[in-house]
Every structure is written in C-alpha cells, then in structure tokens.
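The sequence and model are shown first.

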Amino acid sequence: MQKIHLLWADDEIELLKPHILFLETKGYNVDTVNNGVDAVDQIREKHYDLVFLDENMPGISGLDALKQIKEVSPDLPIVMITKSEEEHIMEDAIGSKIEDYLIKPVNPNQILLSIKKILDNKRLVTQSVASRYQMEFRNIMMALMEKQDFEGWKNIYKKLVYYELEIQRSNETGMEEVLETQKNETNREFSKFVQQHYLDFIKYDNPNAPVMSHTLLRKEVMPLVKDNVPVFFVLVDNLRYDQWKFIQPLVSSLFRVNREDLYMTILPTTTQYCRNALFAGLMPADIEKRFPRLWSNDEDEGGKNLHEEEFLNDNLKRLRKDIKSSYSKVIYLNQGKDLVDDIPNLFENDLNIIVYNFVDTLSHARTENKVMRELAEDEAAYRSLTLSWFEHSPLFEALKRMAEKPCKVIITTDHGSVKVTDPVKVIGDKNTTTNLRYKTGKNLDFNEKEVFHIKDPSKAGLPVQHISSNFIFCRNSDFFVYPNNLNHYAKYYKDTIQHGGVSLEEMVVPFISLEPK
C-alpha cells in the first residue's frame, strides 16, 4: 500500500519527536517544519496527504499560513493545533475549511485518530458497510424462507433500501451485484405473497388486511384531523421509499419525523387506479359503479385522473367528516409557485390535499428522452436527480412555509416504480393496454407461469370492460413486449423505470407523518 505523507508545522517541533516516531512506526512518512512560511514552501514543492498546523508560530500565524496553503492546494486536509480555546480562532479556522481542530497538549493516539478519521474514514466506512451487509444478507435470506406477513415484508424492504443507499454512499462497487441479486430474489418471493393474498387483502371487511390505497385516508389520515391543527396531505406522484430516504435529510431540517411507515398499493400500480382509489376510498370497480360518468377505463380517451376532487369530497361525506378542506394539484411550475403563495391561507382549513406531479414525469422522461436516460443512467443517478429537483422545487419552498406554524404534514405517494430488465412475451388485440407492466383486454395470449393472472377482474375490485376481459401483471423486473419486432423493443425498454405491476418498489410505498420543529 502506498505510504501516506504528512507535514507537521510547529515552532516546538523538537518536543514532538515522540509523536512523530509513533506515527512512523504506524507506517506514515512525516516531514517537519517550525514555521508557517516553510510550511507553505514545502507544500508548493511536495505532495502531502495531510498537514498538522500549529496556530501560534513566529512569522506568519497558523491562520495566515492556513489561508496561503488553501490557495496553493485547496483540497489538502489540514488539522489546526493550538493552545488557545478562544472561540473566534476556532470559527476562523473552521471558516477556512479545516478538517479537524485539536487543543494542546495532544497525545499520539489523538493524532492517530485524527488521521484515520480524515484519511481512512471512507475506507473504514466501506469495510463496515460491507461487513454489516454480509451479516444481514444471511438474515434476509433466512427470512425469505419463512412465511412473512405484510409487516415482515416492510421490514425486509426497509433493510434492502438501507443497505442499497449505504453501499451507494460508500462507493463499494463489489457489493452492488450481490445486493441486486438479493433484491431480485426478494421480489420473486414477494410476488408469490401478493398472488396468494391480494384478493383477500382488498376486501373491505378484512380486519387482517394491511392499509391499502382505498383505506389509507380512512385509516391513517382522518384520525389526524383533530384539535384544530391543520393537516397537509402531500402526495408526490410515484415516490418510492428509497427516493424518500434520499430527500429525508432536507425534510428533517424543517420537521420532526413522527412516523415513517409503508403501506400497500392496489393493482395496477398506476396513477389511474391507485390515486383514484386513494381519494375515493373505493376500489376502482366501485368507483365506476358510483360514478359511471366520471370513471375512465383503459380504452377510454382523455385523462384518467380528472375527478379526484369529486371523489375526495364524496369520500369525506361518506365518512361523515364535516371539515373544511382544500384540494390542489401541481403539474406545472407556475402552479407550484402559486401553491407556495397560498400556504398561509391553507392554514385556515382542517385538511389540505396537495398532489404534486413530477417524479412520475421524470420516470417517463427517462424512458423517452435520450438525454434524461444519460442523466439518470442507473438507480443511484435517478435518486440523485430526484433530490436535486426536490431541493430546488416549489414543493420544498411550500414545506418551508408549512414549517413556520403548528400543523401536521403527511408525505406519501400513490404508487412506486421499478427498473425493468427482462422481457416477457404477450399477444393482444388492438384494444390491449399499452402499459409495459400490466395488460388488460379480451384476447390476451401469454405464458401463465410468467405473470400474475387475474381471470375475473371483479374479484380484484377492477372494472369489467368485456365479458372475457382479464388482467395480467408483470412481476419482479419483467416487462411486456409483443412478438413483432421483439428484439428492438426489448432492447429499447430494458433498464427503464416502469410501473403497473407487482414488486416491492411499486407496491410498498412511503407514508411519512411530520411535525414542524
């Protein structure tokens, strides 16, 4: 391993020889000078990995030397050492971007710890992440062999996301492939779980069913509407749990996270079905029966989510909630700016519903736009792009306004999305839906073993468009392609972000409860 080169500048350097010998026994090369001018000259002539800089030296001070060193080598880590504990010296040093600050007298182990914290931190963190994930890998595989309820699946998914983000931050590329393999195996088992239990879960009278799209408002949101404290229900379209964890530090700068939970969406995992069910408090088939003129089926032209406010208001009436509410949908930037301006007025309401469309648009743009594909070429880049958008969005500004007064804030979504990799062949007529993760139609031809097949849509709470209509859903990371020009479309859609089918990423989505700090 290449040796690390240190420079130590101190006017009492002779007294520090035991420290220097100690560092040399640990494998470090240490050069010494006894004033700031010589320190700057040394750095101009030679490469160093780290500098220890005494604050009080003859000639130029340590702070002056620090500024000159930063001009020569802006990224060179510097540890300031001083006898003084005066606050302004610490502030000046920190303002000049030092890596650490030590008060004399220092002992050798203190110096060694500072070196490791600065230079070895990344390597040590990486090793720790890899070691912890290796242990957790076995625990997760054992859990997959056991019978899990939905709470168990939530815990498994949270662990996978945690290590996915930790591995990304540590740049430990060797573990990424292992994690990806385990995610695929987990999704295969989760798909079996969904196929086995889904038709029972969606029953309104099932006390053992998890919270789902059509029960979310009734079970989780309405109990929070009380005590004359306004509730802001913020639905960010297509926000996955890993994306929430990526933006969480920004949100946590404004709010305390009272509860971080996950709920289960209905199928298909698309805005048309999930979001309408969420606001109506009904499964899609029941929405169609109650609002035959407002519900739009897959074959119908025009928008599929144009009547959410009507569905919401009807739901509130059925719940016998006599409350003052508002509904806002943000699609365009100017609507987001209007929302920010309107936040003070919304504090007059008991419940404020805010639907923010961006992440879904981003995922579709990633599929259709070559530049967007390059900007978000993998999951890590996709998360980073989401964070960058959020940080500079009117939505974040709106949250800042909410944080100024007592209120309750919920951040959630209607469904998630998954990166697709493996094509599955299907044959359908001209009225078959175009979604890559689910198909519905009269004359579908497919391999029964490759899909989750719902032969009778009415049993799944889905509208029956034709007597012979049925639904099929992709599982794991599969996507549907037609036999015509199969290779072209298989290649075109591979590694794109899609939704509509069965996976943890699509069906297990965040529900976050917040209060201003």
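The sections below cover the basis of the model, its cavities and its aromatic pairs.

## Basis

This is a predicted model, in which local features need pLDDT of at least 70, side-chain atom pairs count only at pLDDT 80 or more, and totals for chains, interfaces and linings use all residues. Residues are numbered from 1 along each chain as its sequence is written, and side-chain values use heavy atoms, without hydrogens and water.

## Cavities

A search of the whole structure finds 2 cavities of 30 Å³ or more. A cavity is a set of points on a 1 Å grid over the protein atoms alone where a 1.4 Å probe fits but cannot get out; lining residues have an atom within 4 Å of a point. A volume is the space filled by probe spheres set on the points, which are joined across faces, edges and corners.

The largest cavity has a volume of about 90 Å³, and its lining includes Y157, K183, R240 and E505.

## Aromatic pairs

The structure holds 26 aromatic pairs. Rings of Phe, Tyr and Trp (its six-membered ring) pair if their centres lie within 6.5 Å; planes under 30 degrees apart count as stacked, over 60 as edge-to-face and the rest as tilted. The rings of W8 and F52 lie 5.1 Å apart at their centres with planes at 35°, so this pair is tilted.

W8 is buried at 1% relative accessibility, and F52 is buried at 0%. Buried means under 20% relative accessible area, exposed over 50%, and partly exposed in between (1.4 Å probe, protein chains only).

Technical notes. On a 1 Å grid over the protein atoms alone, a cavity is a set of points where a 1.4 Å probe fits but cannot get out, and a pocket is an open set with protein on both sides within 12 Å along at least five of seven lines; lining residues have an atom within 4 Å of a point.
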